[in-house]
Each structure stands twice: as C-alpha cells, then as structure tokens.
Amino acid sequence: MYYEFTVSTKSYEELIDITHNVKSVIQRSAVKDGVCIVYIPHATAGIILNESADPNIKRDFLSALDRAIPKHAGYLHDRIDNNAHAHIKSAIVGSSVTIPVSNGHLGLGTWQAIMLCEFDGPRARRRVVVKIIASD
Ligand code: ZN
C-alpha cells in the first residue's frame, strides 16, 4: 500500500516529529504485520529515527551536523542555489527508514520517533511517502 502526506516546515533547518502521521497511515491501512517504509522524495531533506521527547536532542543534532558540514564553506554548488550543505546533510542522514509493523502497531523503541529533517526550509510542502508491505 502506498500513501503520501505533506508537511509544512517553518524554519531554515528543523526536525519535525511525524510519528503520529505515520501511525494514522498504519491504522488506515489495516495491515497487521509487515514493514513500513517512510521515505522523503527531496534532495535537501531527510528522515531519521531518534528521540523527540527532549527538544534539545533536535537542536544538538542540527548543531552537530552543522559543525561537521558547515553552511557556505566554499562549495561549488552554492554558485547555483546556495544550498550545498543541505544536499550533503540530506545524503548523510538518508531519505528513508524501515520500521516493523506487528499487531497493527509500529515497532518503535520507547524513545524512538520518526522525524523529518529540514535542511533548506521553510518549505510549504514537503512530501512524505509511506509504503506498507504486508507479510500476513
Ligand atoms: Zn541545490
């Protein structure tokens, strides 16, 4: 089953918890067992699993990435649209995560949340694709 939803981002860089969006897709799908792939079809955004309860994790994650991949550090691509760091961060964090579905529930750990990573916002419409593959 294939689903899509969109997310509006509000900042240049931010992490947005989309766990509730994905859970509602799982419920609507009526799939009890299988795998769920959450994928973002954008070159300057990403998808990760991590803690969302403490908002400082989001800030620490973005600042650590920024120390590793600073903005506007003489990248050749910046001559085109000034967002080379966002492309590199997107590639490093990745565009998808795969989560098991058991008894109709996402198999996330207690402190795991699904988060959209915005690296070149704000964007009115970031698409998120959810593909559910049933094994039952
Ligand atoms: Zn670009």
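View 1. Ile37 has Lys131 as its bridge partner in S8, and in S5 the bridge partner of Ile37 is Thr98. The structure shown here and in every later view is a predicted model. S3 and S8 pair in the antiparallel sense, over 6 bridges, and S3 is likewise joined to S5 by 6 bridges, these two strands also running antiparallel. Strands of a sheet pair through backbone hydrogen bonds, in either a parallel or an antiparallel arrangement.

View 2. S6 pairs with S5 in the antiparallel sense over 2 bridges, with Ser102 opposite His105 and Val101 opposite Leu106. S5 and S6 form a hairpin with 2 residues between them, and in the turn Asn103 has a positive phi of about 50°.

**View 3. The two faces of strand S5.** Val97, Ile99 and Val101 make up the covered face of S5, while Ser96, Thr98, Pro100 and Ser102 make up the uncovered one. In a regular strand the side chains alternate between the two faces of the sheet.

View 4. Which residues of H1 are buried? They are Thr19, Asn21, Val22, Val25, Ile26 and Ser29. Seen down the axis of H1, these buried residues fall within an arc of 165°, so they line one face of the helix. On the other side of H1, His20, Gln27 and Arg28 are exposed.

**View 5. The largest nonpolar core, with Leu106 as one of its members.** The largest nonpolar core holds 24 residues, of which Ile18, Val22, Val38, Leu106 and Ile114 touch the most other members. Two or more residues each come to this core from strand S1 (2-7), helix H1 (19-29), strand S3 (34-39), strand S4 (45-50), strand S5 (96-102), strand S7 (113-118) and strand S8 (126-134). Leaving aside neighbours within four places in sequence, Leu106 is in contact with Val22, Lys23, Ile26, Cys36, Ile99, Pro100, Val101 and Ile114. A second, separate core of 11 residues includes Leu15, Leu62, Val93 and Met115. In soluble globular proteins, nonpolar side chains tend to be buried together.

View 6. The zinc ion is coordinated at 2.0 to 2.5 Å by His77 (NE2), by Asp81 through two OD contacts, by Asn83 (OD1) and by His87 (NE2). In sequence, the spacing of these donor residues is H-x3-D-x1-N-x3-H. Asn82 lies in the loop between helix H3 (78-81) and helix H4 (84-93), and its phi is near 60°, a positive value in a residue other than glycine. With a relative accessible area of 40%, Asn82 is partly exposed.

View 7. Most residues other than glycine have a negative phi, and most peptide bonds are trans. Ala30, in the loop between H1 and S3, has a positive phi of about 65° although it is not a glycine, and this residue comes just after H1. Ala30 counts as exposed, its relative accessibility being 55%. In the loop between S7 and S8, where Pro122 is found, the peptide bond from Gly121 to Pro122 is cis, with omega near -5°.

Definitions and conventions: Residues are numbered from 1 along each chain as its sequence is written. This is a predicted model: local features need pLDDT of at least 70, side-chain atom pairs count only at pLDDT 80 or more; totals for chains, interfaces and linings use all residues. Side-chain values use heavy atoms; hydrogens and water are left out. Donors are N, O and S atoms within 2.8 Å of the metal (3.2 Å for Na, K and Ca); water is not among the atoms, so sites may look incomplete. A nonpolar core is a set of buried Ala, Val, Leu, Ile, Met, Phe, Trp, Tyr and Cys residues joined through side-chain atoms within 4.5 Å. Buried means under 20% relative accessible area, exposed over 50%, partly exposed in between (1.4 Å probe, protein chains only). Helices (H or I, at least four residues) and strands (E, at least two) are DSSP runs, numbered from the N terminus. Contact means heavy atoms within 4.5 Å. Two strands pair if DSSP finds at least two bridges between them. The arc is that of the directions from the helix axis to the C-beta atoms.
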